[in-house]
Protein chains: 2
Amino acid sequence: MLSPAPTAVSRQPATLKFIGGDTDELPGLDQRLAKALLRRIEAKEFVFAEGDPATHLYQVETGAVALYKVLCDGRRQVLGFAYPGDFIGLGAQDEHVVNAQAIKPTRLRCLPLSALSQIARQDPRLGFRLYEALASELAATRELLLTTGQRSACERLVAFLLALSRRNARKGQDPLAFDLPMTRTDIADFLGLTIETVSRTFTKLRTLGLIELPHASRVRLLDIERLKSMEGNEADAA
Amino acid sequence: MLSPAPTAVSRQPATLKFIGGDTDELPGLDQRLAKALLRRIEAKEFVFAEGDPATHLYQVETGAVALYKVLCDGRRQVLGFAYPGDFIGLGAQDEHVVNAQAIKPTRLRCLPLSALSQIARQDPRLGFRLYEALASELAATRELLLTTGQRSACERLVAFLLALSRRNARKGQDPLAFDLPMTRTDIADFLGLTIETVSRTFTKLRTLGLIELPHASRVRLLDIERLKSMEGNEADAA
DNA sequence: CGTCTATTTGAGATGCGTCAACCGTTGTGG
DNA sequence: CCACAACGGTTGACGCATCTCAAATAGACG
């Protein structure tokens, strides 16, 4: 787990040894999701807001969603981004404690929690799958905490880009060139920086010949090894 | 959830609506814990380290434990503190991804994951209790992320003190005067600051008449209302 | 083409980090 | 019982990374 993983739920298989059993595929859940209500929302629309009653579990089908919390004076901390395949709404109790807002036109599968309950009774492995998903999200959040708490602006942006690169590699997409679906403001609020610092750091990386920026929203990583060496690696390196 | 909650697992009851059922008390787990192996460790000893195989779930009985991650150059991010009643080792997959180190002499109940598995089979509510505990830990980590990413040094320290105060209130202890079991270094690495800044900020709060520091490790909150107003509140205030 | 928004760039201010010295407490050995 | 070392904490002076404020530029869209 090296990445600040800007994901709501990373999908790496994670075996719960004390339970045993393969929970990677759950026909019950997948069937339900395939039949579930499809919701289409525009960029900037909310999936749900802080304080809303938690009614559904959502899975992103296309698009992207930002999860964030805000302070009363408007300061905002983006906690993660959810991409296709990711679940949103996990770990909520009665009410959502974060905001989930689309950052581009998005299609969502909506699964009522009552249906989830039903599937869970039929197939107890669902509970462990949800547990794993939650554990992955916790791991990603801890990673981001390490990043915002300890790394410099440049290290933060590099870690962010490398996390996107790794995600693409996992999904079989190009790990060296990709679009950034989020604005500079979203990136800034994710990394605990200002948009000006994010922008300046992008140009610094470009000037150093480490990345290319064909458009503001598209990156190409030119020297991934040097980028990795700038990331501020974790200690164990196991 | 207003606090940066320096806890590994906060113990507030949290109902999983889509499951239903009261999971607050689990005779199976509690009986097992009571019989579980008791481990005593000194300050600075590890409960486990990053990369260790995950073998047990631990519950702090007395003392306190810090959870943290480190970068290869030694920078450290404390993710939380575990106090009596808190669980440690939740959400781990095969290997622990964080370090857990006692910050004072500590007694731990050690529950082998195999025993956990056994209890889970006997009583499926255990799975949901673990899910809830993990969700609480995620909520606390998100809170801390908001703090380190968006708040000033002063706001961070105030949020930290108020979180300890709230924890004491929940436990029926004095919310206005308490010991700080951790060092300034631990606090600094928790809040993403340096020890000098933490020390100066303590002094500033003392000078402003907001707190008293009889010893370095004891605080008394003199004007909790004003402290709350300095915390940088969250938006919803629901 | 014009407007609106997002992004970039610049100049200056500042909060926090760095480096260094000092202080108080604790524990240890003479 | 005292001397001293080790450690954690406090305070000061200074520098710098990042923030703030401001303006220019580039893209997107009607």
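For the class counts below, Ala, Val, Leu, Ile, Met, Phe, Trp, Tyr, Cys and Pro are nonpolar, Asp, Glu, Lys and Arg are charged, and the others, Gly among them, are polar. With that in hand, the surface near DNA strand C divides into 3 nonpolar, 7 polar and 7 charged residues. Please keep in mind that this is a predicted model.

**DNA strand C**

- Around DNA strand C there are 17 residues, and the closest are A:Ser199, A:Arg200, A:Thr203, B:Thr197 and B:Arg200.
- Of the atoms of DNA strand C that come within 4 Å of the protein, 65% belong to sugar and phosphate.
- Helix 6 of chain A and helix 6 of chain B each supply at least two residues of the surface near DNA strand C.
- Helix 6 of chain A gives the most to that surface, with 5 residues.

**DNA strand D**

- DNA strand D is surrounded by 17 residues, and A:Ala153, A:Thr197, B:Arg184, B:Arg200 and B:Thr203 are the closest.
- Sugar and phosphate make up 67% of the atoms of DNA strand D that come within 4 Å of the protein.
- Phosphate oxygens of DNA strand D meet chain A in two ways: one is 2.5 Å from an N or O atom in the side chain of A:Thr197, and one lies 2.7 Å from a backbone N or O atom of A:Ala153.
- A base is reached by A:Glu196, which has a polar side-chain atom 2.9 Å from a base nitrogen of DNA strand D.
- The elements giving two or more residues to the surface near DNA strand D are helix 6 (195–207) of chain A and helix 6 of chain B.
- For DNA strand D, helix 6 of chain B gives the most to the nearby surface, with 5 residues.
- By class, the surface near DNA strand D holds 3 nonpolar, 7 polar and 7 charged residues.

**Helices 5 and 6 of chain A**

- Helix 5 (residues 184–191) of chain A and helix 6 of chain A have axes that come within 8 Å and cross at roughly 100 degrees.
- Angles from 65 to 115 degrees count as roughly perpendicular, so helix 5 of chain A is roughly perpendicular to helix 6 of chain A.
- Helix 5 of chain A brings A:Arg184, A:Thr185, A:Ile187 and A:Ala188 to the contact, while helix 6 of chain A brings A:Ile195, A:Val198 and A:Phe202.
- This contact has 5 nonpolar, 1 polar and 1 charged residues.

**Helices 4 and 6 of chain B**

- In chain B, the axes of helix 4 (residues 153–170) and helix 6 (residues 195–207) come within 10 Å and cross at roughly 75 degrees.
- That angle makes helix 4 of chain B roughly perpendicular to helix 6 of chain B.
- From helix 4 of chain B, the contact uses B:Ala153, B:Cys154, B:Leu157, B:Val158 and B:Leu161.
- From helix 6 of chain B, the partners are B:Thr197, B:Val198, B:Thr201, B:Phe202, B:Lys204 and B:Leu205.
- The residues of this contact divide into 8 nonpolar, 2 polar and 1 charged.

**Domains of chain A**

- Chain A is divided into domain 1 (18–141) and domain 2 (151–237).
- Their C-alpha centres lie 25 Å apart.
- The contact between the domains takes 12 residues from domain 1 of chain A and 11 residues from domain 2 of chain A.

How values were computed:
Residues are numbered from 1 along each chain as its sequence is written. Chains are lettered from A and ligands numbered from 1 in the order in which they are written. This is a predicted model: local features need pLDDT of at least 70, side-chain atom pairs count only at pLDDT 80 or more; totals for chains, interfaces and linings use all residues. Side-chain values use heavy atoms; hydrogens and water are left out. Axes are lines fitted to C-alpha atoms, for helices over the stretch in contact, and angles run from 0 to 180 degrees between N-to-C directions. Helices (H or I, at least four residues) and strands (E, at least two) are DSSP runs, numbered from the N terminus. Angles under 35 degrees count as roughly parallel, over 145 as roughly antiparallel, 65 to 115 as roughly perpendicular and the rest as oblique. Contact means heavy atoms within 4.5 Å. A residue is near a molecule or strand if one of its heavy atoms lies within 4 Å of it. A polar contact is a pair of N or O atoms within 3.5 Å; within protein, one must be able to donate a hydrogen and the other to accept it, and residues adjacent in sequence count only if both atoms are side-chain atoms. Domain bounds come from an automatic or database domain assignment.
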